[in-house]
Amino acid sequence: MRVVICDTVDQATARVADVIAQQVAKVPHSVLGLATGGTMEPLYDDLRKSHVAGLSFAGVTAFNLDEYVGLPADHPQSYATYMRKHLFDHIDIDLEHCFIPSGMGDPIVASRTYEAQIAEHGPIDLQLLGLGKNGHIGFNEPGSSLASLTREKVLSQDTLTANRRFFADDETMPSSAITMGIQTICNSKKIVLLALGQAKAKAVQAMIEGPVSAFCPASALQMHANTTVVVDAEAAALLEYSDHYIHAERLQRRREQ
């Protein structure tokens, strides 16, 4: 696991956006795994700017991590809507090559279909991840099997509380989601995880320096051959071995001297 500590949120976000942009520029037919949530919105803004500057996504295939069970793709709070709003509608990607789990119908069938689609078009070249406060990746909540594939997961109270803000007061928030499994995620060739802010510091420490455990699903990334974790200074605050990791701006200043 390669750990990169940036001074600020903006620097960490820009660094991950640049990793994705470089992947697409180098391999125009890349298969990308994409994530959602507040952390990703500025990152997708950076990718939209890269597209305006000339980066083409026309050959890219995209797979999203998850979708709420019970929400149709056109629901305002679906992750399908999120991706169109924040990225897909603003770049030249072929929507026929953008895959998101179906939140409608039988979750078992939808999960198996999604695994089959990944097998057909994959493997995923670069998987983007965020990090939940309880250590989840995708919607793999604490206690998830480290060998899990795409399936329906009941959302923890921590996750329900964190995501409640995206729904209107009179809306019922879904209590489960279809998510790529931990093994599905780890089948990706390369993984980059972005975690920002003091609220993520405990999860960051458990993911990087704690034991590999189902109770911190993100700790499974310690076993992946090509994972980069990018955090800002606040998210890195509890790391005991901080000096052992890459401090991006400090390293850049040394290079410029």
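Predicted model: local features only at pLDDT ≥ 70, side-chain atom pairs only at ≥ 80, totals over all residues.
Apart from neighbours within four places in sequence, Tyr44 is in contact with Leu34, Ala35, Tyr82, Met83, His86, Leu87 and Leu128.

Leu47 is located in helix H2. The relative accessible area of Leu47 is 1%, which lies under the 20% limit, and the residue is therefore classed as buried. When neighbours within four places in sequence are left aside, the contacts of Leu47 are Ala17, Ile20, Ala21, Phe57 and Leu87. Leu47 and Ala14 are 33 residues apart along the chain, and their C-alpha atoms are separated by 9.2 Å.

Two packed helices are described by the angle between their axes and by the distance between those axes. For H2 and helix H3 (residues 79-86), the angle is about 40° and the axes are 10 Å apart. The two helices H2 and H3 are therefore oblique to each other. On the H2 side, Met40, Glu41, Tyr44 and Arg48 take part in the meeting of the helices, and on the H3 side the partners are Tyr82, Met83 and His86.

Side chains of opposite charge can pair when their charged atoms come close. The structure holds three salt bridges. In one of them, the side chains of Asp45 and Arg48 meet with an N to O distance of 2.8 Å. Both residues belong to helix H2 (residues 40-52), where Asp45 and Arg48 are three residues apart, or about one turn of the helix. Asp45 has a relative accessibility of 25% and so counts as partly exposed, since this class covers values between 20% and 50%.

The side chain of Asp45 also meets that of Lys49 in a salt bridge, at 3.4 Å from N to O. Asp45 and Lys49 are separated by about one helical turn because they are four residues apart in helix H2.

A further salt bridge joins Lys189 to Asp125, with 3.3 Å between the closest N and O atoms. This pair links distant parts of the chain, as the two residues are 64 residues apart. Lys189 lies in the loop between helix H6 (182-186) and strand S9 (190-195), whereas Asp125 lies in the loop between helix H4 (107-121) and strand S6 (126-129). Lys189 has a relative accessible area of 51% and is therefore exposed. Asp125, at 13% relative accessibility, counts as buried. Through shared partners, salt bridges join Asp45, Arg48 and Lys49 into one network.

Two loops were also examined. Pro123 is part of the loop between H4 and S6. Most peptide bonds are trans. The bond from Gly122 to Pro123, however, is cis, with omega near 5°.

Ser156 occupies the loop between strand S7 (151-154) and helix H5 (157-163). With residues up to four places away in sequence not counted, Ser156 touches Asn134 and Glu141. With Asn134, the side chain of Ser156 makes a polar contact, side chain to side chain, at 3.2 Å.

Technical notes
Residues numbered from 1 in each chain as written. Heavy atoms only, no water. Polar contact = N/O pair within 3.5 Å; in protein donor to acceptor, adjacent residues only side chain to side chain. Contact = heavy atoms within 4.5 Å. Salt bridge = Lys/Arg side-chain N within 4 Å of Asp/Glu carboxyl O. Buried < 20%, exposed > 50% of the residue type's maximum accessible area, 1.4 Å probe, protein only. Axes fitted to C-alpha atoms, helices over the stretch in contact; angles between N-to-C directions. Parallel < 35°, antiparallel > 145°, perpendicular 65-115°, else oblique.
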